[in-house]
Amino acid sequence: MMRFILTVLLILPVSLLADIDAYEFDDPNKEILYKKLIKELRCTVCQNQDIADSNAELAQDLRRKTYDMVQQGKDEEFVLDYMSQRYGDFVLYRPRLQTNTLLLWVGPFIILLIGVFVLMRFIRRKPVAASDGLSSEERKRAEQLLERDE
Amino acid sequence: MTRYLLPLGIFIVIVAFLAVGLKLDPKHIPSPFIGKPAPDFNLPDLHNPEKSVSVKDLQGKVWLLNVWASWCVSCRAEHDVVKRFVARGAAPVYGLNYKDERADALAWLRQLGDPYEASLIDYKGDAGIDWGVYGVPETFVIDHEGIVRHKQVGPVTDEIIENTILPLVLELKAAVPGDKGA
């Protein structure tokens with residue numbers, strides 16, 4: 001009897017987990033696409049979660065919608081378009097390259113270029129700073145003093 | 001001199017960016033529908049489910065779509081504002097009863113009053129997805145050509161009616177041929 005209860009207790013959590021969105025796919029590629037998509041779509045209610053992570057009602061609905069579309073054989077582009085037409089570019093975790101996101105995509109490279117430029121100028125200036133600022137006469141005297149020490 | 005001015009300049013630029021960032025409301029997501037045709041739906045009427053209403057039926061008039069649900073607490077707070085707006089007769093308000101049980105929705109309207117021209121049942125939330133609804137209540141203003149002109153996320157207040165929605169509705173109604181305001 002004890003063994004039976006333990007078995008049930010062991011299976012229970014697993015079956016409960018399986019209850020959340022038990023979607024079945026007729027093609028393993030569709031399942032891969034579905035899993036990829038729900039990681040790429042942002043839940044607009046709980047803004048810093050993708051719809052795979054979120055259990056908000058809206059995220060559940062959007063997962064269902066994504067599942068329906070994937071199961072119908074729609075491709076990635078179609079689903080992302082569908083979502084962004086309704087919820088705006090905001091739902092896409094990876095912003096698309098377009099005029100208003102240009103700075104977002106190019107910005108880091110511009111900053112990198114500025115960094116390289118500043119660094120090069122800094123390195124070029126280095127030899128000048130390395131000179132000890134002694135005139136040749138002073139240098140001779142210094143050398144003499146050093147020799148005497150030895 | 002530049003040695004000191006440069007870091008100060010960079011500092012000011014960063015402060016300016018952060019100051020603007022602080023004022024932005026991350027909950028406000030611009031709707032992609034503004035200026036675009038309203039997404040169509042054809043949904044049963046809450047009071048009379050055999051009858052259905054579609055967006056096309058409403059073409060030719062300026063109207064509001066108010067997304068509500070009996071489980072939504074801020075809809076309750078907003079309801080009086082909607083009633084006051086409808087009482088002024090500026091434009092009809094249609095309700096989108098979002099993911100609600102019909103009995104609960106009917107009880108809610110009985111208790112709080114029903115200002116809606118009609119409330120449409122969106123039990124599964126599909127119309128909500130088509131309209132990009134993510135936080136109830138939401139309110140849309142649609143013009144006589146079926147173009148979405150405004151979206152309000154969250155409860156409408158008297159202030160928003162007075163400053164934004166009513167002036168917009170009157171302006172849109174003035175543009176309707178053969179209809180000279182309320």
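**Chain A and its interface with chain B**

In chain A, 49% of the contacts (heavy atoms within 4.5 Å) with a separation of 6 or more are between residues 24 or more positions apart. This is a predicted model, where local features need pLDDT of at least 70, side-chain atom pairs count only at pLDDT 80 or more, and totals for chains, interfaces and linings use all residues. Residues are numbered from 1 along each chain as its sequence is written, chains are lettered from A and ligands numbered from 1 in the order in which they are written, and side-chain values use heavy atoms, with hydrogens and water left out.

Chain A has six helices and zero strands, counted as DSSP runs (H or I, at least four residues, for helices; E, at least two, for strands), numbered from the N terminus. Of its 150 residues, 26% are buried, meaning under 20% relative accessible area with a 1.4 Å probe, protein chains only.

Now the interface. Here 15 residues of chain B are in contact with 16 residues of chain A. The two chains bury about 1300 Å² between them, and carbon and sulfur atoms give 50% of that; buried area is the accessible area (1.4 Å probe) that two parts lose on being put together, summed over both. On the chain B side, Ile29(B), Ile129(B) and Tyr134(B) lose the most area to chain A, together 40% of what that side buries.

How many salt bridges are there between chain B and chain A? The count is five, each a side-chain nitrogen of Lys or Arg within 4 Å of a carboxyl oxygen of Asp or Glu. One salt bridge joins the side chains of Lys99(B) and Asp61(A), at 2.5 Å from N to O. Helix H4 of chain B, residues 126–130, gives the most to the side touching chain A, with four residues.

Notes. Buried means under 20% relative accessible area, exposed over 50%, partly exposed in between (1.4 Å probe, protein chains only).
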